[in-house]
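Dear colleague,

I am passing this structure on to you, and I would be glad if you could look through it before reading my notes below.

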Amino acid sequence: MFWHMSGFSAASAVETILDKENFTLEELLDEDEIIQECKAHNGRLVSFLRERAQVKQLIRYIMEEAPEDANKQFSFKLPFVACEIFTCEVDIILKTLVEDEELMDLLFSFLDPERPHSTLLAGYFSKVFVCLLLRKTTPLMNYIQAHQDIITKLVDLIGITSIMEVLIRLIGVDEHIYANCADSMQWFEDMNVLEMIVDKFSSSDCPGVHANAAETLCTIARYASAGLASKTSSPSFIGKLFRHALEDSRPKSVLVNSLSVCISLLDPRRLTSGMYYMYNRQTSQGSGITANPETVEGILESLGELLKLLDFSSEDRVLLTSYGKLQPPLGKHRLKIIEFISVLVAVSSEVAEKELIRLSALKRILELFFEYPYNNFLHHHVEQIVISCLESKNCQLVEHLLSECNLIGMILESERNFTLTVDATKPTICAEGKSPPRIGNIGYVTRLANKIVQLGNSNREIQTFLQENGDWVDWQTNVLLKRNAVENVFHWVCGRPSTLQDRTRDSDDDDYQDRDYDVAALANNLSQAFQYGNYTSDVTSEDVFFDDKSAEVVVSSLPLEDDQETGSHFTKSDWSAFEDERIVNEHSTNNGGPDNVVEDLEDDTAMSELPESSPTSDGNNVPSQVSKDLTEIESTGSHNLIANSANISDDEAQSPIIPNDEAVVSADTCKTDGVGSTDSTLASQSAEVGEKNEDLEK
């Protein structure tokens, strides 16, 4: 490269340091260019950094806490640069590390329990470990198999998110890493790593530990090898998970995170809120959930004890809100239980459905739906439960929901009492001294009612049940139908054209395909903009084009002729004037021919808005093309302005016509006394108008 030649560039600061007789590693790490030089494989620099003493010092920067009185350079910059040197993936430096067992012992001594584990240094350790796992898989796995206590240390530090990521990557989320060492995968399957992770729910009271342990198990259930995944689906594993979750002495974070694991086991495609499940594989796509029967069997053993928790809230305090107060609030654990039930119902397991009917779980869930009318998270999960039950092929489940759970009666009751009650025995209480607000779940109630009506059209049992309920028939006729008509956004007249009323898509992602204007009318307005002279001679063919992909006319950088100095552009607001004149022209043509067109134009208010005279390059004031056009029409009575080509006789069509029914003013009629260049200028402008409209037609 020319910048490596003498005379073309200054010497690098790193090279300057390397030229010294005595220099230290700290001097190199303090240079800003060292990482770039390392990535560029600077020979002298790499040869120095590959030395065992330098690699050892780099590891110490990463794993050892800086003294309290150390400056910021030693505390922050040196550990960061040392980590970046390893992650530059210079093979010879990584080889020095993995082939020296003492250096590997020094690196993994960071996991020792007696050492401090700051999140900053844990992040550096995680980056170096992942780099070795990707580039030096075989020697790293051989070292870990020879030191099995590393897995135990990683599990003990699972509360640190960076260490959790190391554990996830190590267990086998990136399956392609172990393509050449299948024995490593088998080694993990033979270990009790899953049991060690589950035991963190009982040995620790930290919510962060519980969350990271659950995230690790969820990731294993989705992406790990078949051997590990099968262990997580076994009834013994699920039973142990529920035993920890249902212990009275354990914090509710254990229950919430344990249910997250169960949800992942039932529906592997359902992603949790974590960040570490999307590595190099994608989840399978498809409708419906197919769960392992053994998993469902293990869950049902503890389902009764779990549903009892719906009657109690872990929150004893009163939560004040803008509409009143919650006494008690719903709580995270009850919300998580309902989410778990929604996934369990979606599995379409007949055994699970029978158990839910026996335990009256659906009735209690519907009661919570109306007891907490402002909890949209709760409403979403309950809606999914009701829809899954109604769409189930189990007639007993549908009958149980409609009859024993009294779903229709609850919907009608909420419609009759659509304001928040002041009953102090209910958990949601209205604020004193204020008028009761409208309950916040009416939207979900309407959607459920519409879903019931829709399914009733294809399910005779549902339809019969609805028709036998006179209150429902009356409410559907007088309230629901009118509400649907009012809430149908495609019938609103707030700028949307009537052609979009029959649009079936309701997703915001598809809105870009449907525009709120008529493309043909827009193109016609564009043509009239050229007809009335609102263009300049320097407009190129690239200023107006038609985009077939988005089906819209794009107008860019179209300046007005009478306002060139101010830099104004032809904008959307200018279409209305041309559209009004087009309507006047068409109306006048249909009622009296071209002569009436001239009369209407003379009386129209748009005559007062015609462009003024603009100076030419010679300094003379020349009337604009539109002014000359109308002047000649008024004086000679010629019919050069054509509104409808179908109503024009042969005698009236002598002037040349260009696309979109626009007339070109003849050069002979545009001559002006005293200005010799006007006729040729207008002729050239007319030719440009023709070319632009031909491009637009294409």
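Among contacts in the protein between residues at least 6 apart in sequence, what percentage join residues at least 24 apart? The share is 66%, where a contact means heavy atoms within 4.5 Å.

Please keep in mind that this is a predicted model, in which local features need pLDDT of at least 70 and side-chain atom pairs count only at pLDDT 80 or more, while totals for chains, interfaces and linings use all residues. Residues are numbered from 1 along each chain as its sequence is written, and side-chain values use heavy atoms, with hydrogens and water left out.

The protein has 698 residues, and 46% of them count as buried, that is, under 20% relative accessible area with a 1.4 Å probe and protein chains only.

As for cysteines, the structure holds zero disulfides, a disulfide being a pair of cysteine sulfur atoms within 2.5 Å. For cysteine 389, the nearest cysteine sulfur is that of cysteine 405, 8.0 Å away. Cysteine 389 is buried, with a relative accessible area of 1%, and cysteine 405 also counts as buried, at 1% relative accessibility.

Methods: Buried means under 20% relative accessible area, exposed over 50%, partly exposed in between (1.4 Å probe, protein chains only).
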